[in-house]
Amino acid sequence: MNMHTTLPMPAQVKERIQESADIFTLRLQYPDLAGDQRYAFAPGQFNMLYLHGVGEVAISIVSDPQDERLFDHTIRAVGRVTRGMSQLKEGDWVGVRGPFGVGWPLAEAEGKDVVIITGGLGCAPVVAVINYIFRRRERFGQVTIMQGVKHREDLIWRERYDQWAQQPDTTVALAADNPEQDQSLFSGNVVQLFDRVDLQPDNAVAMLCGPEIMMKYAIEALMQRGFPDTRLWVSMERNMQCGNGLCGHCQMGPLFVCRDGPVFRYDRIAEWFFRKGF
Amino acid sequence: MDQAWSRPVHLYGVERPRGSKTVPSTPVFLPPDSLQRLLDSLRGSGRQLMGPLVRDGAIVFDRIENAAELPRGMRDIQSPGSYRLEQSDSPRLFAWANGPQALKPMTFAPEEVLWQVVRDDSGLHFEPQASTPAPTAVIGVRGCDLAALQLQKAHFLQEGAEDPAFQRRLDKLLIVAVDCSHPADTCFCASTGDGPDAGPGHDIALTELDEGFLLRAGSPQGQEIIDSLALPPASTAQLQAAAESSRGASDAQTRKLPATDLRDALFARQDHPHWAAVAERCLACGNCTAVCPSCFCSAYEPRPSLDGAESEQVRLWDSCFSFEHSNLHGHPVRDDIRLRYRQWLTHKLAGWHDQYGRSGCTGCGRCISWCPVGIDLTEEVASLLEEPA
Amino acid sequence: MSRPKLAVHKFSSCDGCQLALLNLGETLLQLPGLVDIVHFAEAGPMDEDEPVAVALVEGSINTEHDLERIQRIRRNSDYLVSLGACATSGGLQALRNMADANAWEAAIYARPEVLDSLPTATAVSDHVKVDLALWGCPVNSRQLLGALRDLLFGVAPREERRPLCMECKRSGAVCTLVTGEATCMGPVTLAGCGAICPRKGRACYACYGPAEQVNAESLGRRFEGFGLLPEDVARRFHFIHSGAPAFQAAGKHFRGGK
């Protein structure tokens, strides 16, 4: 039994970054750096963050797994716990359990083109993937990054997208339903971006994260373009309370999203995906 | 499709319970007036004894000390949404079928503290719940609940993710099972293959006959206790009577679930109109999930002290019928009763096959008796398996 | 750090919910260290118009003066809690909304014209925005303190949405409906009271108001099966919380005879 999955570890807020009106990043550090596995995580995994006396919430880890000092969580203030967390300041403490779940298929993606399609804050769980790829650029083929948001102001990390766009054999396409005169943004949703990028399905994997309706249409578009369902990977969100597959809240059909996911190969969840009530 | 599990459990006949690799130890005979000796030895080593007693119109499990507290001659009459007790002049102590609860609260507590945290100037300090549960022996557990305990073990004790609270309680539990001789009208353990006799998972199992009890061991610890009582072996006639009792308990059951894996059949019927028909009756009150011996869902809640310096993290039974269960940022994935009932039933009878290799139902019938409006799982399944008109 | 100010206001009510505070015992002594109680007539402090962080409002709105005062309280409060059944749904008093209040007054009082009484008894939320509703007749201290603690943490209080049955079953109580045909309202009632009545073998009478899902039709039919007339079923819903929309509709449905 791994105590980090049942008992929170205290971690200190080393930096707090306001990304947009309601999105913020907490850069956290465990107080003692002594050995053990506590920093080991795979891109796509998540932690349960605990706000003292208020509750826990599942948040994906966005930082680089190789950063041995800090780990980052980017959070949208939407519920009582996350709104409370948005008030945290440098020096404050949180509890952390994790990491939990299955991350993105990075080994599987090696030697292939990679298509990353995200919506809204869905970009957060794949930032670590993108960083991972660009640190090992030669191991991957074409990289296509498509991100859509509702409002221009939701598009956080603009400079990162700009940097990624400068990488060799890389396409970055950004869309906003409401681009507010920003000429660099396509006016529309992320699925409409498919007409503006060149995707070759033969040797590619796609990774998707964002609202389910967005992923549903993106999956349809990818499959129309010849992507097999075994090379589509999606990150799911459900009500995760324990992280261990115990509390039962995150079940999607017979799957425990916290433990069997949150990243799934699409063919393995197709039976439940976007089916109301699962 | 493995149908091996869908046979009734008859220990004294030819059939063996699923998972049972060894022939049970030779049964011994305990005369009725020696039952207190068994209870005393169960209470040895500082164990508290839990057993069936009558409280508030039902047979419940609670602390007992003496055989005289057991529900002598008590019979239960159960039907959908109804449970009544009736005193008979039978000298039997276990001539009843399950009440609302038995084992589940003893291993998966309805509410328990998982950890505590203290906040001070130097940060947060987390401590796991350290209190050790009292060593406990429980007498009167039925086959359906033993089978459900195996299911709960499969869930709570997954390798590498063992639940400490469940493990601590289970480690301290000595289980004395009783072969079911008087199933209720709501029982269907024979069709799920989990009864009426007590299958694996007990330390001692007991068969009640008119003339006394047959005891058999299910663990070295149970064997030790039986050996200490120095009882004579059961006679051939007594073994025969036990086998007849078991067959009778099986034959008396009128309800049943199909003896097939319903996984694909139920998942294929996500849009069956009968779900809406059930939802017209279902109250979404969660009673079925609370009394179900295999339901495992829980909610985690903080209980901070008023000054905010300390807090406890509490785990409490939750239910797929609650808003919070599927809540995603204020919008539940299952926002109406139809979807919540469908979640419960498809998880119980379909999802469990993928998760733990068998159905999650052990035929105890509690969800039928304790549903305030008497929704009958076996009937709903039958309707769902019919093609819509 | 200055302590947030708290006011306790009373409208038409029995004061029982304020007792949820006064009955805290030792815990009550901790409160002044956490909040500055500026108005709490039953306990002493009287400064009704002091602006506060949190206002706890007990009682239903029944008079012209109530109408004016609740607006004033809202203006003076950052966060307003309706405390208990009367404030949250109109409480028992709302039963008169289904009768002809003027006729009653004329029948009871020698000089009804001296009364300052609106024709209806209504919930606080019918008049001003309520940030948190604490149901219950009365509310219990644990819920009230839990809400205060959350507000002190700077977060929205956790809201109980489960039906009473879930709390009842966790307590180990035996279901009175199933064992004795008690017309228990637990399946349609919000949890939070600790299942006090069922644990004493008595049927819940829904003093915590409607649960998140209320299948009144099904439960009512069950009660009819126990021998209740439709009017009796209606009265189970039209009791403490006749003003809560789900119960109002349920009672009307059964009274209407389907």
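In this predicted model, helix H11 (residues 230-237) of chain C packs against helix H12 (residues 245-255) of chain C, with axes that come within 8 Å. The two axes cross at roughly 170°. H11(C) is therefore roughly antiparallel to H12(C), as the angle is over 145 degrees. From H11(C), the contact is made by C:Pro230, C:Glu231, C:Val233, C:Ala234 and C:Phe237. H12(C) contributes C:Phe247, C:Ala250, C:Gly251, C:Phe254 and C:Arg255. Seven residues of this helix contact are nonpolar, one is polar and two are charged.

Chain C also touches chain B. The contact takes 37 residues from chain B and 31 residues from chain C. On the chain B side, two or more residues come from each of several elements. These are strand E3 (58-63), strand E5 (82-87), helix H9 (274-281), helix H10 (287-291) and strand E13 (310-317) of chain B. E5(B) gives the largest share, three residues. By class, the side of chain B that touches chain C holds 20 nonpolar, nine polar and eight charged residues.

Chain B is in contact with chain A as well. Here, 35 residues come from chain A and 39 residues from chain B. On the side of chain A that touches chain B, helix H1 (3-6), strand E1 (9-18), strand E4 (55-60) and strand E6 (93-100) of chain A each supply at least two residues. This side of chain A comprises twelve nonpolar, 17 polar and six charged residues.

Note on methods:
Residues are numbered from 1 along each chain as its sequence is written. Chains are lettered from A and ligands numbered from 1 in the order in which they are written. This is a predicted model: local features need pLDDT of at least 70, side-chain atom pairs count only at pLDDT 80 or more; totals for chains, interfaces and linings use all residues. Two residues are in contact if their C-beta atoms, placed from the backbone, lie within 7 Å. Helices (H or I, at least four residues) and strands (E, at least two) are DSSP runs, numbered from the N terminus. Ala, Val, Leu, Ile, Met, Phe, Trp, Tyr, Cys and Pro count as nonpolar, Asp, Glu, Lys and Arg as charged, and the others, Gly among them, as polar. Axes are lines fitted to C-alpha atoms, for helices over the stretch in contact, and angles run from 0 to 180 degrees between N-to-C directions. Angles under 35 degrees count as roughly parallel, over 145 as roughly antiparallel, 65 to 115 as roughly perpendicular and the rest as oblique.
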